[in-house]
Amino acid sequence: MSDVDTRLLMAVERLGRALRSAQQSLATETGVSVLGLQIAGILDSHPGCRVGELAAALGVRQPTVSDALNALESKGMLQREPSAHDARVVRLRLTGRGEDLAHRCERIMQRRGGSADGSVVGAPGEDRNRHPTRQGIALEVLLEEILRLQQAGLIEVNRSCPSCSHFEHGSSGSNHRCELLGVELRAYELQVDCPDHDPASI
Ligand code: SF4
């Protein structure tokens, strides 16, 4: 790993610490654990997840996720439903109360520069008023680092554009492209946690 790689990862770690601190304040304010807030954020954008999928996305063990799910359920924020295709499979969804929590967290975290589940960018086409080119370059570099960490086996779940089968990397100077949506993607429009992501072979 080069010196620049090391400093890049240190900068990301510093940002991560700032976001975790913001999440901790939210957890104290809402009475829901940080892990519970992260789960609410993921279930809000990916309803119907299974426990194993949540554990993989969060990089924690299933029993840890189960404890946080039980706490959300006891607060009336989560419901479990058998899958329509296989009654042995349990799907997880937020209740209206859980959605209210997720949306509240999302609004507060966006004001602080992130989102409840840790992503840092809006939807394609969203207007970016502050230095979109610089932000886009930073986002692109970070997503490339995440892809490298995934290829090295250090990250299990990655739903960002560069790891998606629908993603067409633009040649130098031209925009990228999402073949599924049929749109060009400027660097600052790259998605961090896309619901339409389809894993490419890496
Ligand atoms: S489907 Fe989503 S993750 Fe895949 S290229 Fe399109 S916007 Fe990116």
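Tutor: Helices (H or I, at least four residues) and strands (E, at least two) are DSSP runs, numbered from the N terminus. Keep in mind that this is a predicted model.

Student: Good. Where is Cys161 found, then?
Tutor: Cys161 lies in the loop between helix H6 (132–151) and strand S3 (167–168).

Student: Is Cys161 buried or exposed?
Tutor: Cys161 has 25 other C-beta atoms within 10 Å. A residue is buried if that count is 20 or more, so Cys161 is buried.

Student: What is Cys161 in contact with, leaving aside neighbours within four places in sequence?
Tutor: Its contacts beyond those neighbours are Leu143, Phe167, His176, Leu185, Leu190, Gln191 and Cys194. There is also Pro199, 38 residues apart from Cys161 in sequence and 9.4 Å apart in space, C-alpha to C-alpha.

Student: Let's change topic. Which residues of the largest nonpolar core touch the most other members?
Tutor: Ile39, Ala40, Leu69 and Leu72 do, in a core of 21 residues. Two or more residues each come from helix H2 (34–45), helix H3 (51–58), helix H4 (62–74), strand S2 (90–94) and helix H5 (96–111). H2 gives the largest share, six residues.

Student: How do the axes of H2 and H4 cross?
Tutor: They come within 9 Å and cross at roughly 80°. Angles of 65 to 115 degrees count as roughly perpendicular, so H2 and H4 are roughly perpendicular to each other.

Student: Which residues meet there?
Tutor: From H2, Leu35, Gly36, Ile39 and Ala40 meet Ala68, Leu69, Ala71 and Leu72 of H4. This contact has seven nonpolar residues, one polar and no charged.

Student: Last one: how many helices and strands are in the chain?
Tutor: The chain has six helices and five strands, in the pattern α-α-α-α-β-β-α-α-β-β-β along the sequence. Of its 202 residues, 25% are buried.

Terms used. Residues are numbered from 1 along each chain as its sequence is written. This is a predicted model: local features need pLDDT of at least 70, side-chain atom pairs count only at pLDDT 80 or more; totals for chains, interfaces and linings use all residues. A nonpolar core is a set of buried Ala, Val, Leu, Ile, Met, Phe, Trp, Tyr and Cys residues joined through C-beta atoms within 7 Å. A residue is buried if 20 or more other C-beta atoms lie within 10 Å of its own, exposed if 12 or fewer, and partly exposed in between; C-beta atoms are placed from the backbone. Axes are lines fitted to C-alpha atoms, for helices over the stretch in contact, and angles run from 0 to 180 degrees between N-to-C directions. Angles under 35 degrees count as roughly parallel, over 145 as roughly antiparallel, 65 to 115 as roughly perpendicular and the rest as oblique. Two residues are in contact if their C-beta atoms, placed from the backbone, lie within 7 Å. Ala, Val, Leu, Ile, Met, Phe, Trp, Tyr, Cys and Pro count as nonpolar, Asp, Glu, Lys and Arg as charged, and the others, Gly among them, as polar.
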